[in-house]
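The reader is asked to keep the sequence and the model in view.

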Amino acid sequence: MGDDMSAPGRRKGRGLQVGLSLLAIVILGWTLFPVYYMLLLSFTPTDDLFQPGLYVEHPTVRNYTYTMGQDNPFVRYFWHQIGNSLVVALWAMALVAAVAALGSFAMARLHFRFRRFVSGLTLFTYVIPSSFLSIPFFKMMADYDLIDTKLSLILAMVTFAAPYALWVLSDYARSLPPEIEEAGAIDGAGTLATFLYLYLPLIRPPLIAIGTYAFLYAWNEYLYALLLLTGEPRVTLPVAMSNFLTTDNAPWNLLMAVSTVYAIPPVVLYYCFKRYLVSGLVSGAVAGT
Amino acid sequence: MSPTTREGGRRAPSRVALVLRSRTTQGFLFTAPLLVLFAAFVIYPMAFGVWYALDADSYRALFSDPTFRQTVVNTLWYVGFAVNVKLFLALLLSGILDFQFAWIRVLAALFLIPWAVPALPGILSFRWMLNSQWGIFNYLLGKFGFASVPWLAQHDTALGAVIVFHIWKYLPFWTIIFLAGRRAIPNELYEATAIDGASALQNFRYVTFPLLRNLYLICTLLSMVFTLGDFTVPWLMTGGAPGDSTHVLATLAYRYTFQMGRLEWGLATFAVALPVTLGFIGLLLRWVKI
């Protein structure tokens, strides 16, 4: 649009731009204010906390140093908790990548008979809200004595993050040329060798992206972490943060500092991989029309 | 087929090898980890939940509980109202972000922040802004001479806060989806209507919307199902307060199960939503190819 605009078209374009910029200001205010307010609180000293304002009068990094130094009863186990979040997210990432890579090879490259069944089950898992399964899942983990282990949370995360990962990978894998199998056949490679040495290197870009997706899914998860983990040193960071809220005198400025630290990894990863994180769903939905 | 030795000394494949080489077996072997996960953690819990939820006494208890009836109404507001407002705004905003000005790209990038920030920090920020004593909203209301509002301490504004947060957090995601949908429309169509002198509104009416309609419907269904099971936003924003009046299905099920020890009520709460959910999923399965 707008490359070959004539003079009146360009004038119209300018009017359009003014209108759009006014809208943009509204949109940005709506979008950024809560985030700005979180940052603002995280730099607010406790003495100023109860005097609301639109800027910080005496900015301080003390909330961050308390958090990093675990120098407050509320953040006593900060490094444990962020470590727990990290361990769960990394395991979820690795397992989802493995499971989805294997599955996508079958779905996209082997034309086996029960493909429709597998894809139906996958879509079902993707769509059914995970909270619907949370109570039976909790009961199951209690029966197997797996409550309060990271394994239980990791299993839940892998299960619920796998469908989307499979979807994105299969979609990508279908676009690869058929020469992969032919090359494998010429070299006398079996299916497993074709998968390992020919297929895996080719799907590396989307594999990194869905690994990121699984990492973020687990990092952001709240309900299952709340159900499956107990005890301050063993919970993940979001559960620890929500525990702040159970007391009346929660130090909100400290909480916002923890919030900010917790939000940094996902924000960085989302911006690096946003292209991949939406494309799968769109291609699925657009292809269905 | 009997194993015979040919001249080259190569034996014909045994039956085991043949089975292993069949596409069906290989397909199952490669999808086995997924199938095991889905069977153990989706099908089995589902069957378990439905089995428990078959008890008619639970439903009698639920429907005679005023909190449950209120919860159903809240959930309908959350799923019916919040989702549709959000998607309609997303459709409009995707039109704005589709303009090819350089600064629009910057706007689009900034606009994604709520989607990238996890729900919890955003909710905490909203909660403090809405705090009746020290929140910025009541502070600003006071500055302009209005009475302060107990935002999270009365049903309507508390549920409103849940809805507004939902829109704030998930609007960017769906906007990007619709933006991608718009970009997938071939440019030739707009070139053709430009020759006919079509206005922007006519472009939308006769080209954009008909081509986005299916995507819009699928997104509506998906978002409704996701939102139907949302626990995090209502739980952390209000926790059902004041007086258990702002629960949605997922938070009420949590309360029944883990705070009141009534597992069967918790499962029945989800079972009430299951027929609707399965209906939506059935529609999606027909519309979406994977």
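T159(A) is found in helix 6 of chain A, in a model that is predicted. Is T159(A) buried or exposed? T159(A) counts as buried because it has 26 C-beta neighbours inside 10 Å, and a residue is called buried when 20 or more other C-beta atoms lie within that distance. Leaving aside residues up to four places away in sequence, T159(A) touches T125(A), and it also touches L37(B), F38(B), F41(B) and V42(B). V99(A) stands 60 residues from T159(A) along the chain, and the C-alpha atoms of the two are separated by 9.7 Å.

The helix that holds T159(A) can be considered as a whole. Of the 25 residues of helix 6 of chain A, 21 are buried, and the helix is mostly covered. At 1.5 Å a residue, helix 6 of chain A should span 36 Å, and its end C-alpha atoms are 35 Å apart, which agrees. Helix 6 of chain A also bends by about 40° at A162(A). A proline, P163(A), follows within four residues of that bend.

Chain A has 12 helices and zero strands, and its pattern along the sequence is accordingly written α-α-α-α-α-α-α-α-α-α-α-α. The radius of gyration of chain A is 24 Å, whereas the globule rule gives 19 Å for 289 residues; the value for the chain is well over the rule, so chain A is more spread out than a compact globule. Along its principal axes, the C-alpha trace of chain A spans about 75 × 75 × 35 Å. Buried residues make up 45% of the 289 residues in chain A. Among the contacts in chain A with a separation of 6 or more, 76% join residues 24 or more positions apart.

Which helices of chain A each supply at least two residues of the side that touches chain B? In total, 81 residues of chain A are in contact with 77 residues of chain B. The helices of chain A that each supply at least two residues of this side are helix 1 (7-42), helix 3 (78-109), helix 4 (115-127), helix 5 (134-143), helix 6 (150-174), helix 11 (237-244) and helix 12 (252-287). Helix 12 of chain A gives the most, with 18 residues. By class, the side of chain A that touches chain B has 59 nonpolar, 19 polar and three charged residues.

Some details of the backbone remain. Two residues of chain A other than glycine, Q70(A) and D145(A), have a positive phi, and they are set out below.

In chain B, the peptide bond from A241(B) to P242(B) is cis, with omega near -5°. P242(B) has its place in the loop between helix 12 (232-237) and helix 13 (249-259) of chain B.

Definitions and conventions: Residues are numbered from 1 along each chain as its sequence is written. Chains are lettered from A and ligands numbered from 1 in the order in which they are written. This is a predicted model: local features need pLDDT of at least 70, side-chain atom pairs count only at pLDDT 80 or more; totals for chains, interfaces and linings use all residues. Two residues are in contact if their C-beta atoms, placed from the backbone, lie within 7 Å. Ala, Val, Leu, Ile, Met, Phe, Trp, Tyr, Cys and Pro count as nonpolar, Asp, Glu, Lys and Arg as charged, and the others, Gly among them, as polar. The radius of gyration is taken over C-alpha atoms; the globule rule is 2.2 Å times the number of residues to the power 0.38. A residue is buried if 20 or more other C-beta atoms lie within 10 Å of its own, exposed if 12 or fewer, and partly exposed in between; C-beta atoms are placed from the backbone. The expected span of a helix is 1.5 Å times one less than its number of residues. The bend at a residue is the angle between axes fitted to the seven residues ending there and the seven starting there.
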